Amino acid sequence: METISDATKGFVDLRRHMWMAGVEMELRRLIWQIAVTGKYISAKIHDSNRKFAGFKNIYGEEQLTLDRSSDEILQSQLKFSGFVREYASEEQDSIIHIGKGSEKYFVTADPLDGSSLVDTNLAIGTIIGIHDGSILGERKSDLVAAMYITYGPLITMVYSTGKGTHEFVLNREGEYVLSEDNITLSERGSIYGLGGLRKDFTPEHLKFVEYLESEGYKLRYSGGFVPDINQVLIKKGGIFSYPALKGNPEGKLRLIFELQPMAFIMKHAGGMATNGKEDILSIKPNSLDQRSPIYIGSRFEVKKAKEFLNKS
Ligand code: AFP
């Protein structure tokens, strides 16, 4: 790929970046279409003015109308793209066939993760996984691309097609311009974010947490998966975990919609993600709703977590 100098970074837009990186045409268009959809979702969040009607989603969680409308927007845009055969969303209980059957890509989405944070005005996000084979069952290959969009003080978009991980910022002209090319995590960072209640931690996880505290890691947890992962990435290291809990050994977060896309992005930035034993990307999901504990971030901390979790 052509080298991008600091001086020209702010002028490289998403389409040009993907073209320079040699991303194939259909995938380029698909990623572009999803990034544009992020603008529509953001407009919807803005328009809601933090007023929602509460009802339960298929997992029994309080669902905001914003989750639903983000899902609808995404689904219709993907259908319109003409590149997507199947769509699976955290807001739906089954895979939706949105294509004619010959399209190359299969997309997973958490259309609006962390929507319960909207009223607090903390950042929230959209998480996308792009596969070139069926979402469940025997896959032809792993993910071919993953991306997320953060709706915070700035709207940013991070993508990877397996050739590095790159961040873009939506500018005032409505263009996604490159802000960081080939984000590379340090071997070790200095922040940690943990989901779950301390009283529910397993003894092994608690020991790991005590280790992080004794080493002076700073606690950084917003309760939104996208910004919590984003800060580890942008600060170039550290760890995020939503662990197995007493009485809830699979933790909270969903493998297909949340964990695998983020693990892909982190891997291509030089980081790692594990459930404590297995690499998150090598787990074969059996159901859309499958959950898993996760330790994700820079290599030192993730390996350390594995060490603590596997001490007998
Ligand atoms: P919501 O989508 O229900 O707001 O859940 C957000 C989330 O799935 C994820 O974004 C966070 O990492 C996690 O939940 C936070 O969970 P806790 O509230 O248990 O910390």
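## Ligand site and surrounding architecture

The shell around the ligand takes at least three residues from each of domain 1 (6-180) and domain 2 (191-309), with domain bounds that come from an automatic or database domain assignment. This is a predicted model, in which local features need pLDDT of at least 70 and side-chain atom pairs count only at pLDDT 80 or more, while totals for chains, interfaces and linings use all residues. Residues are numbered from 1 along each chain as its sequence is written, and side-chain values use heavy atoms, with hydrogens and water left out.

Among the residues that surround the ligand are Ser115, Tyr221, Tyr242, Lys252 and Glu258, where a residue is counted if one of its heavy atoms lies within 4 Å of the molecule. The shell divides into four nonpolar, five polar and three charged residues; in this scheme Ala, Val, Leu, Ile, Met, Phe, Trp, Tyr, Cys and Pro count as nonpolar, Asp, Glu, Lys and Arg as charged, and the others, Gly among them, as polar.

| Residue | Part of the residue with the N or O atom | Distance to a ligand oxygen atom |
|---|---|---|
| Asp113 | side chain | 2.5 Å |
| Gly114 | backbone | 3.2 Å |
| Phe225 | backbone | 2.8 Å |

The protein covers 76% of the 480 Å² of accessible area that the ligand has on its own, as given by the Shrake-Rupley method with a 1.4 Å probe.

Helices (H or I, at least four residues) and strands (E, at least two) are DSSP runs numbered from the N terminus, and two strands pair if DSSP finds at least two bridges between them.

Strand 11 (residues 191-194) runs parallel to strand 12, with two bridges between them, and Tyr192 stands opposite Leu219 in strand 12.

Glu24 caps the N-terminal end of helix 3, with a side-chain oxygen 3.2 Å from the backbone nitrogen of Glu26.

Note on methods
A polar contact is a pair of N or O atoms within 3.5 Å; within protein, one must be able to donate a hydrogen and the other to accept it, and residues adjacent in sequence count only if both atoms are side-chain atoms.
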